[in-house]
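Here are my notes on this model, written as numbered points. Please keep the structure open beside you as you read.

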Amino acid sequence: MKRPIWLLCSTTLTLALLASCETSKPATDVSAGAGSATQAAGTASSGESMESNGIRLTPFTDSPKFPEAQLQMRNPIAGATVPTGEVPFDYLISNFQLTKMSGGPHMAMMANSAKGQHIHNIVDNEPYTAHYETRFSKAIPDGQHVILSFLSRSYHESLKHRGAYDLRIVNVGNGAPAASPIIDVKAPNLFYSRPKDTYAGADAKRIMLDFYLVNTTLEPGGNRVRATINGTEFMLDRWVPYQMEGLPAGENTVKLELIDGSGTLIPGAYNSVTRKFTVTP
């Protein structure tokens with residue numbers, strides 16, 4: 001009888017160890033800010049809607065996942081000075097297919113690019129340009145510039161894990177170098193992404209709010225994003241996209257601010273940004 005009991009105990013112990021190892025694995029849908037280990041929002045289920053003054057904001061996390069997707073900017077080099085005029089960009093992308101439709105429940109619910117998945121290229125936190133190839137040129141004025149690039153689903157939702165973005169400072173032209181960098185690329189920084197331009201017809205019913213964070217995470221009682229939509233304030237404590245409903249026809253305004261636990265704006269050239277967009281039913 002001793003041998004069967006020993007086998008039973010050994011089997012039980014092995015199964016327990018396997019179960020322990022399995023639960024310690026990280027979630028496959030990891031959204032990480034630079035400098036952070038794991039962004040909890042990337043694995044959480046969709047939260048409850050927030051509603052005020054007829055505007056409803058609903059977070060969602062059920063988009064198709066691309067946890068292995070990687071983006072690397074090969075040109076221009078960080079800190080480099082490039083000639084005046086059209087600046088050539090060159091990226092290396094792996095485990096992510098540009099021009100492919102992302103699929104998922106939100107592709108048909110919100111504005112979707114007919115050209116598919118792409119790169120968002122943001123210069124000095126101005127409205128992004130979308131690019132469907134890894135090489136392109138873009139006119140940038142002389143001077144020092146902050147360039148953020150990240151991978152985007154076909155309906156413009158950003159990939160938020162660490163390897164999916166690139167942030168760097170580049171100088172254009174032969175003018176005198178700036179006395180100090182525009183931003184500290186190692187400090188908490190907020191960048192605006194969506195909404196943008198005009199939304200009409202079915203696209204106007206649900207409009208995505210999406211932004212990009214670097215070197216910070218959001219959490220209740222900690223750093224948050226204060227989103228003021230047409231004068232109505234919402235406090236966002238998760239870095240996920242949000243679906244906006246109930247926006248009126250005509251011009252709408254979104255203001256985003258990166259704040260700390262006490263509600264104070266975190267220093268940074270782009271940590272407070274206001275944009276306008278148009279809704280046409």
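1. A definition to begin with: a residue is buried under 20% relative accessible area, exposed over 50%, and partly exposed in between, with a 1.4 Å probe and protein chains only. By that scale Asp-90 is buried, with a relative accessible area of 15%. Please bear in mind that this is a predicted model, where local features need pLDDT of at least 70 and side-chain atom pairs count only at pLDDT 80 or more, while totals for chains, interfaces and linings use all residues. Residues are numbered from 1 along each chain as its sequence is written, and side-chain values use heavy atoms, with hydrogens and water left out.

2. Where does Asp-90 sit? Its place is in strand β5; strands here are DSSP runs (E, at least two residues) numbered from the N terminus, as are helices (H or I, at least four). Not counting residues up to four places away in sequence, Asp-90 touches Gln-72, Met-73, Arg-74, Asn-75, Thr-134 and Arg-135, where contact means heavy atoms within 4.5 Å.

3. Now the charged pairs. A salt bridge is a side-chain nitrogen of Lys or Arg within 4 Å of a carboxyl oxygen of Asp or Glu, and the count by this rule is 11. One of them joins the side chains of Arg-74 and Asp-90, at 3.4 Å from N to O. Arg-74 belongs to strand β3 (residues 70-75) and Asp-90 to strand β5 (residues 85-94), so this pair ties together parts that are 16 residues apart in sequence. Arg-74 is partly exposed, at 43% relative accessibility.

4. Asp-90 also forms a salt bridge with Arg-135, with the closest N and O atoms 3.5 Å apart. This pair links distant parts of the chain, from Asp-90 in strand β5 to Arg-135 in strand β8 (residues 135-140), 45 residues apart. Arg-135 counts as exposed, at 57% relative accessibility.

5. Another salt bridge joins the side chains of Lys-196 and Asp-197, at 3.1 Å from N to O. Lys-196 counts as buried at 19% relative accessibility, whereas Asp-197 is partly exposed at 48%.

6. How many residues of strand β13 (residues 207-214) are buried? Eight of its eight residues are, and the strand is mostly covered. In a regular strand the side chains alternate between the two faces of the sheet. In β13, Ile-207, Leu-209, Phe-211 and Leu-213 point one way and Met-208, Asp-210, Tyr-212 and Val-214 the other way, and all are buried.

7. Next, the partners of β13. Two strands pair if DSSP finds at least two bridges between them. Strand β11 (residues 189-194) runs antiparallel to β13, joined to it by five bridges, and Leu-190 has Leu-213 as its bridge partner in β13. Strand β16 (residues 242-245) is also antiparallel to β13, with three bridges; here Leu-209 is partnered by Tyr-242.

8. β12 and β18 (residues 272-280) run parallel and are joined by three bridges, with Thr-280 as the bridge partner of Ala-200 in β18.

9. Which residues line the second largest cavity? They are Met-110, Ala-111, Tyr-155, Arg-194, Tyr-199, Arg-206, Ile-207 and Met-208. A cavity is a set of points, on a 1 Å grid over the protein atoms alone, where a 1.4 Å probe fits but cannot get out, and lining residues have an atom within 4 Å of a point.

10. Finally, the backbone. Most residues other than glycine have a negative phi, and most peptide bonds are trans. The peptide bond from Asn-75 to Pro-76 is cis, with omega near 0 degrees, and Pro-76 is in the loop between β3 and β4 (81-82). The bond from Arg-194 to Pro-195 is also cis, with omega near 10 degrees, and Pro-195 lies in the loop between β11 and β12. Asn-125 is not a glycine but has a positive phi of about 60 degrees; this residue is buried, with a relative accessible area of 4%. His-156, likewise not a glycine, has a positive phi of about 75 degrees and is buried at 9% relative accessibility.

Conventions
On a 1 Å grid over the protein atoms alone, a cavity is a set of points where a 1.4 Å probe fits but cannot get out, and a pocket is an open set with protein on both sides within 12 Å along at least five of seven lines; lining residues have an atom within 4 Å of a point.
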